[in-house]
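This report describes a structural model at the level of chains, backbone and side-chain contacts.

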Amino acid sequence: MNKLNHLPRSAASAAELASRFTDLHPALTPRQAEIESERCLYCYDAPCVEACPTGIDVPKFIRQIAYDNLNGAAKTILDANILGGSCARVCPTEILCERACVRNYDQEAEPVKIALLQRHAIDGMTFRRHPFERAPMTGKRIAVVGAGPAGLSCAHRLAMHGHDVVIFEAQAKPGGLNEYGIARYKLTDNYAQEEVAFLLSIGGIEIRYGQALGRGLELATLRREFDRVFLALGLQASRALALDESSHASATAATDYIRVLRQSADLTDLPVPASAIVIGAGNTAIDIAVQAKRLGSEEVTLVYRRGIEHMTATPHEQAIARDAGVRLVTYAQPERILLDNQGHVAGMRFTRTRLAADGRLEASDETLDIAAQAVFTAIGQAFDVEALSDMQAQTLARDSGRIRVNDAFRTSLPGVYAGGDCVNLGQDLTVEAVQHGKLAAEAIHFELMGKAEAA
Amino acid sequence: MMATNVSGIIDSTNDVDLSIDFAGIKAPNPFWLASAPPTDKAYNVERAFAAGWGGVVWKTLGEDPPAVNVSSRYSALYGRNRQVMGLNNIELITDRSLELNLREIERVKRNWPDRALIISLMVPCVEEAWRTILPLIEATGADGIELNLGCPHGMPERGMGAAVGQNPDLVEQVARWCKQYYSKPVIVKLTPNITDIRAPARAALRGGADAVSLINTINSITSLDLDRMVAHPIVGGRSTHGGYCGEAVKPIALNMVAEIGRDPATQGLPISGIGGISSWRDAAEFIALGAGSVQVCTAAMLHGFRIVEEMKDGLARWMGEHGYARIGDFSGRALANTTDWKYLDMNYVSIAHIDQDKCIQCGRCHIACEDTSHQAIAHYRLDDGTRRYEVKAADCVGCNLCQITCPVEGCIDMVAVETGRPYMNWTQDPRNPHREVQEPAAAM
Ligand SMILES: Cc1cc2nc3c(=O)[nH]c(=O)nc-3n(C[C@H](O)[C@H](O)[C@H](O)COP(=O)(O)OP(=O)(O)OC[C@H]3O[C@@H](n4cnc5c(N)ncnc54)[C@H](O)[C@@H]3O)c2cc1C
Ligand SMILES: Cc1cc2nc3c(=O)[nH]c(=O)nc-3n(C[C@H](O)[C@H](O)[C@H](O)COP(=O)(O)O)c2cc1C
Ligand code: SF4
């Protein structure tokens, strides 16, 4: 971030900037929710339920909304997904529940707005106390490492089953990427913290902040002091471009900028490049490009070495970028970052690429220079190996960098489980992380109690 | 008047004439407003005529002093998208003085000579009351009277309305007095709050009535305020049952109209159909079951008088497309096909057919049939993860439930199966221990 400090601050007022980061999809009004809920056909064997990674009983909660039972609807959602509130805001529903909705068929081609209804129920719930009861205390203690969606979901489910949980979190705040990574216009205001506070109100969960595994905290200690350990470390490293040393030093990881953006109380403090280049083709690339635009960057160019059809960002996300006025350049691969005489970023040189007959990407001798004051890289997150640097942690079996687990979320070390982005299962989505945490908790509970009964 | 011109154009282009002669009462079209708030006073009625209604039945008149109404009067049954399915009211007859109403009626009839203007009446069940009021009614120049013997709330407690309508002898008696003291057509409005609607209709005919109209409202409680533990509408902290009308009552009204239409004892008695009529199609259905005119209340109360434009236009176009030049051409046409259950063809077989191209895989047909009918729709998961629903022809009894719950129109059809077996009704069916005839094919 220091490399951007020479850039000007936004000319817009703090209030004006804040207003540009309000909800991407505003909440439904009660009347809209009523009308939308009536559209649900209450399918049997509903495809949306299957398409939701956490298996929320969508027809059931929508029917509860339709019949004016918001607390019932909220409970149905939270039963399956304790972070149903943030999932309703961040899930790429166009590839999940809403894609499966039967109302997509020709006659209407318009799915029920499941996520907005989900948000309506969670935002409208009025429980007098936490809606989940804890089972009688088991006396078992479980260590969870990481207070992101996976860790929190696991902790809540364990607490519900009567176990006591201690979460070790490296940062000063809980929430993981909900707090530090999701686009500011998707999770607005202080929602991530409010949701965590609600989750913790079940009781039995203690969070210790500033405690990082691999930096002072050892896996062996956790295994010794707790009955089970759940690792929910996420992906803390940003992949870097394979370029020369100075280019490497001049690029900014999109996630770093977003972290600062999400944490600033006053957006006028942020350095804002008048023009920016974003390298990448996934949702993070779209997020940084759109947020730069909203901060006031005039020219934001997203550059991808392949074609639009190869981008991992969903068409819905691509449309958000187009609507924000982001320029898209395809078939160009980074060569080096161009600096001005003060050593600040002035632009970037790309090599034109094309698809060879065999489908492989090949470079041409044509180059392309794009002027820009900042280059953001969003080419993926990677597992931060430092977390597993102590003696025992080093022995954990891994798959392409991430922690290997079986389908009960067990790692190669007895008593150690893992889930969320740090394991190699499914897609890196908040809702998947929630599901991992929930299932891992069930597996831990089953194992602990099965053994307890046998004893 | 603009409205007449509009219907004039439609009539000529389609060779359709919507005008009617109902028991001697002439009207440019069969759409009348029922006796209720829309016909409460000259202001509303003149607006209704300007909008194109063929006639009105003036809000029920009674003896002075006029009735007094409470505040908070209506409540509703809502559909899933806040459409009003049914309306409930606890209003009484007119709350304005007799004199004021009569003067207005006289003036309106003079201004709108081509429209049917009928006066609804409710006075105590004594001859003197009718003999006194009918000459005043006659003097207005109105085209006829409708006897309100069917208001289900408030008035019965005063010995009027439904109390009279529920007693066929009184119905006959009142009709006779009216024919005695009034020279123009007498219509008896029937209450549906009775077991067999044919009894009061026969009584009306015996008393000399020229026609019947039905239905008036049905005793009802639509909903409760569960916090306050009181039904709607709430008057202070209390409520009372009201009269139900609107779309939800149409099926009840249609059946009652058909019952009278099919009854040999009342053959040919003109019927003015009322109850839930909201569209030209509803009107056509009442007419097909024997109505000669139709009356509308709730639909107008919810949307205003302008709805008549589409009612007239739609009916005229439909008639034109089906070669019906006049209302009489199809009035009662569906009666012959409306019969008793025992005359239905036991040999007729239809089974559900799902159009797989239209199916959206919601599974509603499957779960409906599986849980509550005949387990005749199979649920398959295909290799690509999609669902497929198929009718098991051998198990389908042709009940129509799947077709009814299917959200896609035209996706499930009930297809007639050729069995090669002749018509055989229950009176002929060998499975009937009480059958009347032994040889199925012989009788019909
Ligand atoms: C920029 C960006 C945008 C995204 N947008 C979306 C989106 O719109 N929708 C969507 O569904 N998904 C999105 N994702 C993905 C989603 O955020 C993740 O899949 C999800 O947060 C994974 O949850 P997790 O709990 O596994 O990891 P994280 O959320 O990363 O949480 C891990 C937690 O562990 C802590 N931790 C890490 N290492 C240690 C350690 N050694 N010791 C102690 N604590 C540690 C971290 O501080 C953090 O709190 C986005 C991701 C990024 C990067
Ligand atoms: C508020 C209200 C008041 C009514 N008052 C009368 C009345 O005074 N006399 C009468 O004969 N019918 C009265 N009715 C019944 C209607 O004339 C009509 O028979 C009934 O509403 C069914 O028709 P619909 O379904 O089109 O409303 C009233 C109905 C309503 C809704
Ligand atoms: S959690 Fe996400 S995928 Fe599941 S139903 Fe809610 S919005 Fe859809």
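## Conventions

Residues are numbered from 1 along each chain as its sequence is written, and chains are lettered from A, with ligands numbered from 1, in the order in which they are written. The model is predicted, so local features need pLDDT of at least 70 and side-chain atom pairs count only at pLDDT 80 or more, while totals for chains, interfaces and linings use all residues; side-chain values use heavy atoms, leaving out hydrogens and water.

## Overall form of chain B

Chain B contains 13 helices and 20 strands, where helices (H or I, at least four residues) and strands (E, at least two) are DSSP runs numbered from the N terminus. The C-alpha trace spans about 80 × 60 × 50 Å along its principal axes.

Of the 444 residues of chain B, 51% count as buried; buried means under 20% relative accessible area, exposed over 50%, and partly exposed in between (1.4 Å probe, protein chains only). Among contacts (heavy atoms within 4.5 Å) in chain B between residues at least 6 apart in sequence, 69% join residues at least 24 apart.

## Backbone geometry

Two cis peptide bonds in chain B may be noted. One joins D64(B) and P65(B), with omega about -5°, and P65(B) is placed in the loop between β4 (55–61) and β5 (74–78). The other runs from L214(B) to I215(B), with omega near 15°; I215(B) belongs to the loop between β10 (211–214) and β11 (218–220).

The loop between β4 and β5 also holds S72(B), a non-glycine residue whose phi is positive, near 85°. S72(B) is partly exposed at 31% relative accessible area. Q375(B), likewise not a glycine, has a positive phi of about 55° and occurs in the loop between α12 (364–372) and β18 (377–381).

## Nonpolar surface

I221(B), L224(B), L226(B) and M229(B) form a nonpolar surface patch of about 450 Å². Patch residues have over 30% relative accessible area and no salt bridge; like charges are joined within 9 Å, and nonpolar side chains (Val, Leu, Ile, Met, Phe, Trp, Tyr) within 5 Å. L226(B) is exposed at 60% and sits in the loop between β12 (224–225) and β13 (230–231).

## Charged contacts

The structure holds 53 salt bridges over all chains, each defined as a side-chain nitrogen of Lys or Arg within 4 Å of a carboxyl oxygen of Asp or Glu. One of them pairs R381(B) with D45(A) (3.3 Å, N to O). This pair crosses between chains, from strand β18 of chain B to the loop between α2 (30–39) and α3 (47–51) of chain A.

Within chain B, K250(B) and D282(B) meet in a salt bridge (3.0 Å, N to O). K250(B) lies in helix α8 (residues 250–262) and D282(B) in helix α9 (residues 280–288), so the pair ties together parts that are 32 residues apart in sequence. Both K250(B) and D282(B) are buried. In chain A, salt bridges that share partners join D23(A), R89(A), R119(A) and D123(A) into one network.

How values were computed
Accessible areas come from the Shrake-Rupley method with a 1.4 Å probe; for residues, only the protein chains shown count as cover.
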